[in-house]
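Here's a quick tour of the chain on your screen. Have the sequence and the 3D view open side by side as you read.

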Amino acid sequence: MDIVSALRTFLRVVETGSFSAAAHDLEVTQPAVSRQVAALEGHFNTRLLHRTTSGLSLTAEGERMLPMALRILEAVEELGDAAGSNGATASGKVRLSVPAPLGLYLSERLGDLLALHPKLSVELLFREQSSDMIEERLDLEVRLGPVADSSLVCRRIGWTTAFLVASPAYLARKAPPRTPKDIRDHECLCYNRAGEANAWSFSNGSEDISVRISPRLTACNAVAIHRAALAGAGLAVLSHIIAVPDIVAGRLIPVMEDFQPSRLPITVVYPSRRNMPLRVKTVLDFLSDAIGQDPSMGTSGMDRRWEL
């Protein structure tokens, strides 16, 4: 038995949740996947997976083996990278979690990366809140704002730029706010990022001002808030990624331009810098380059105001 191949098959079964999905990903037959897992269980003389009509789940032994199997495969990939460092190309799947607006920005650019690395694949997960990276088997996650988890490795790659906007229809009903305190008289649409739905922060270049809000609508997805703002439901703080096309077209109007939404650090987090596979390093470098290419997110533009 090729134990590395069997471990790789076992991990794919766990990630996909079924033998058939793992077989599809690995481009083999379902019986071949079953034989690999059975061989692994026979080698260690223990059952690793519970098989029921409702699906698969890890046994206690499988739970203990999973992190060790990940470390073994990472070490094998690192050995392969070192042996073939000249002209090596990334291969395998990278699970990447990102906030929705940034995910839209990256999805337009991922095609070039995948064309450069034919054996690489990326699973893009849209998440507005922080994940348990180990439990969900994420390779990389992009987070906005301070990172509280000291167990993760952090790499800051840029800064957010956002606008306070409303539709022309909404502003025809209510005069636009001039200062943060005026926001209290408005209908607020809040992107509920990591449970933060009761305050907005702004900066006039010399001081930061936080204003408490009582949102009429909250959502854990920025795209939903974007749609509500376009429909005239109220004021919203939106990333430049999704707001600028509508501002240019006149569908949204930036307001209170002397007080812009405070900028937040954009950080990539990952469980460990040890034994980082080439596939993960390749996507990490792609993220840093892609963010740096946008002057509204690149660190060189962090003190600039956006000019439409």
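## Where two helices meet

Ile3, Ser5, Ala6, Leu7, Thr9, Phe10 and Val13 of H1 touch Val33, Gln36, Val37, Leu40, His43 and Phe44 of H3, where contact means heavy atoms within 4.5 Å. The residues of this H1–H3 contact split into nine nonpolar, four polar and no charged. Here Ala, Val, Leu, Ile, Met, Phe, Trp, Tyr, Cys and Pro count as nonpolar, Asp, Glu, Lys and Arg as charged, and the others, Gly among them, as polar.

A note on the source: this is a predicted model, with pLDDT of at least 70 needed for local features and 80 or more for side-chain atom pairs, while totals for chains, interfaces and linings use all residues. Residues are numbered from 1 along each chain as its sequence is written, and side-chain values use heavy atoms, leaving out hydrogens and water.

Back to the helices. The axes of H1 (residues 3–16) and H3 (residues 30–44) come within 9 Å and cross at roughly 115°. That makes H1 roughly perpendicular to H3 (65 to 115 degrees counts as such). Axes are lines fitted to C-alpha atoms, for helices over the stretch in contact, with angles from 0 to 180 degrees between N-to-C directions.

## The whole chain and its cores

The chain has 10 helices and 15 strands; these are DSSP runs, H or I of at least four residues for helices and E of at least two for strands, numbered from the N terminus. Of its 308 residues, 43% count as buried, meaning under 20% relative accessible area with a 1.4 Å probe, protein chains only.

A nonpolar core is a set of buried Ala, Val, Leu, Ile, Met, Phe, Trp, Tyr and Cys residues joined through side-chain atoms within 4.5 Å. Here are two of them:

| Core | Size | Some of its residues |
|---|---|---|
| Largest | 43 residues | Leu102, Leu140 and Leu287, those with the most contacts inside it |
| Second, separate | 19 residues | including Ala23, Leu48, Leu58 and Ala69 |

## A look at Leu113

Beyond neighbours within four places in sequence, Leu113 contacts Leu120, Thr282, Val283 and Phe286.

How values were computed:
Angles under 35 degrees count as roughly parallel, over 145 as roughly antiparallel, 65 to 115 as roughly perpendicular and the rest as oblique. Buried means under 20% relative accessible area, exposed over 50%, partly exposed in between (1.4 Å probe, protein chains only).
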